Every structure is written in C-alpha cells, then in structure tokens.
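Hi,

Here is the structure I promised to pass on.

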Amino acid sequence: MSYITSIQKYSIHDGDGIRTTVFFKGCPLSCKWCHNPETQKYQPELLFHSERCTGCGACIAACPSKAITLHNGQALQDFSACVSCGACVDVCNLNLREIVGKEYSVEELFKELKKDEMFYEQSGGGVTLSGGEVMTADMDFIESLCKKLKRYGISVTIDTCGQAPYHHYKQLLPYVDTFLYDIKTTDDILHKEYIGEDTTTILDNLKRLSKDGARIYIRIPVIKEVNGNEDAIRNIIRFLKDNSIQAAQVNLLPYHNTGSAKYARMGIPYPGENLSAPAKEEMEHFVTLFKDEGFSKVKIGG
C-alpha cells in the first residue's frame, strides 16, 4: 500500500521541461535537512498549524484518542497519541489541520497527471515520481503507472535517493526516461551521521544503474558542514569517474531550509538548525571542478 502526500503542478526543478511531480510517502533515510519530513513515514499523519489556533476546543471534543488538550488558549497536540483518524480535521473551522497521505488507484492518479499533458508536450516535460522514496513504494503500483504513462507518450522521471533494492530499479528501467539520483557524500561516517545509513547500497545501485544504460542526472545537495568543501566534491567526482558513471547532467543543489517550518506542524524539532549553504563563489568553484574533469553539463540548482 502506498500513500501520496501531494501532486505538484508546474514543477521546473524536477527534471526536464514542465513537470507534474508526485510525492510518495515513506523513505528509508533520515536526512537532517529533509525538505519534506511529512514524506518520511510510510503511514498517513497529522499536520497542525498550531500558531494560528484560537482555542475553540472543537478538536478536543472530536478526538477519540484524547490526544488534544487546551493550554494557554491554544490546542496542544500530543502527536505520539494521534492515530491520524482525521476527526479533528473535520471540525477545525480554520482549516489548521490536515492528514497527509492519500491513496489513489493507478487510474485515478493517471487521470490527474494526464490533465497537464499539454504542458508536457510544449516544454519537453512530463511526470516525476518523487518522495520520500518512490523506489520503496508498492512497485507493482509504480510499474503499472509508469507503463500507462509511457503508453500515452508521457515522459517519466524518477527522483531517488538510491536506498532501495536494485531489482526495483531493474523493474522500471523499460519505462523510465531519466533517474534523478542523489549523492550526498562518499564518506560512510558522515553519511551515517547526517543521513542515517552508510553509502553501500546507494553507490552500488548507481554503478549498476549506469552499467544497465539508464539516463542519469546526478544531484548533489551541497551542505557546508557535510560535503561543501573541495575534498568532498573531489571524492564524489573520483567515484563517478573511477566507476565510469555515465552522468547526462550534474546538479549542485545549495542547502536551504524552506521545509523547516513543517517540522513544528508535526511536533518535532528541525534537526538541520546548524547547517548552512556554501557561498556563491564556492558553489561556482565546485562547478569548475566537475567541468575540469570532463563533465560538460553541470549547473547550480535543479
């Protein structure tokens, strides 16, 4: 069973052209800078804009789990007791509550994605499946959707962190035009500290995907404290060259914290508080490092 948190129209940073991006719920990693924390868990969950609450108390009466109390004129949410039933959502007159994670059938989702077909055709765009980590979703569902999109001539891009069984990638290879493949660092210690797992599966999958002829865009979130230095970038370049990774494009993505406000709505602290982006001059230098090593299509941003 797979859940979707949102369908983002007119996306221009998730692959070629104008795209519609589908965000699937659930991810095996836990990046400290995650922009979409609502996609980390595989189950639906509650988001609550508590700062605008007027303390009317309707949600308290509606909650069957007794997960809400009133404190200083505002509703206080116990997220650990919440079962994401949605009862509080239905009675909130200010629409401050929402359950993220909705089920679609393949046909329902395809119908929604096909609405933007005109934009795909005019811009060379298509559909991007993202997350969370779409490659750990229900793969029969994902394969059926990709087949259907391909049959109608709609380009499919997969945005992936690489932490998934390789046979999932193999299953989708005939239907996917491009993989947006994240590499954060080749350093196992840093990878475990900031991302939660070592690099083994991610780097092995990238080697296999390249060998199998996939079109790959390498995407590197650049965080000063993690990989935003010359040595770290050179190590990534060395890995790509030593393993003959055929990268059609390299995107260097400077750190930003635009997703940090979501954490408060989920009742959790933002773990990336002390992270920062390299200076513009440093980012431009990283581009030069790639180009000097023969990577012709390198840019800052998505």
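To read the sheet, take two strands as paired if DSSP finds at least two bridges between them; helices (H or I, at least four residues) and strands (E, at least two) are DSSP runs, numbered from the N terminus. This is a predicted model, where local features need pLDDT of at least 70 and side-chain atom pairs count only at pLDDT 80 or more, while totals for chains, interfaces and linings use all residues. Residues are numbered from 1 along each chain as its sequence is written, and side-chain values use heavy atoms, with hydrogens and water left out.

The sheet: eight strands form an open sheet with mixed pairing, in the order β1-β2-β7-β8-β9-β10-β11-β12. β1 (4-11) and β12 (298-300) are at the edges with a single partner strand each, so one side of each has no neighbour in the sheet. Further in, β10 (residues 216-222) and β11 (residues 247-254) pair in the parallel sense over seven bridges, and Ile-218 sits opposite Val-250 in β11.

Now the helices. α5 (residues 139-151) lies across β2, β7 and β8 (155-160), with contact meaning heavy atoms within 4.5 Å. α5 runs at about 170 degrees to β7; axes are lines fitted to C-alpha atoms, for helices over the stretch in contact, and angles run from 0 to 180 degrees between N-to-C directions.

Elsewhere, Glu-230, Ile-233, Arg-234, Ile-236, Ile-237 and Leu-240 in α9 meet His-285, Phe-286, Leu-289 and Phe-290 in α11. The axes of α9 (residues 230-242) and α11 (residues 280-292) come within 10 Å and cross at roughly 25 degrees.

Cheers
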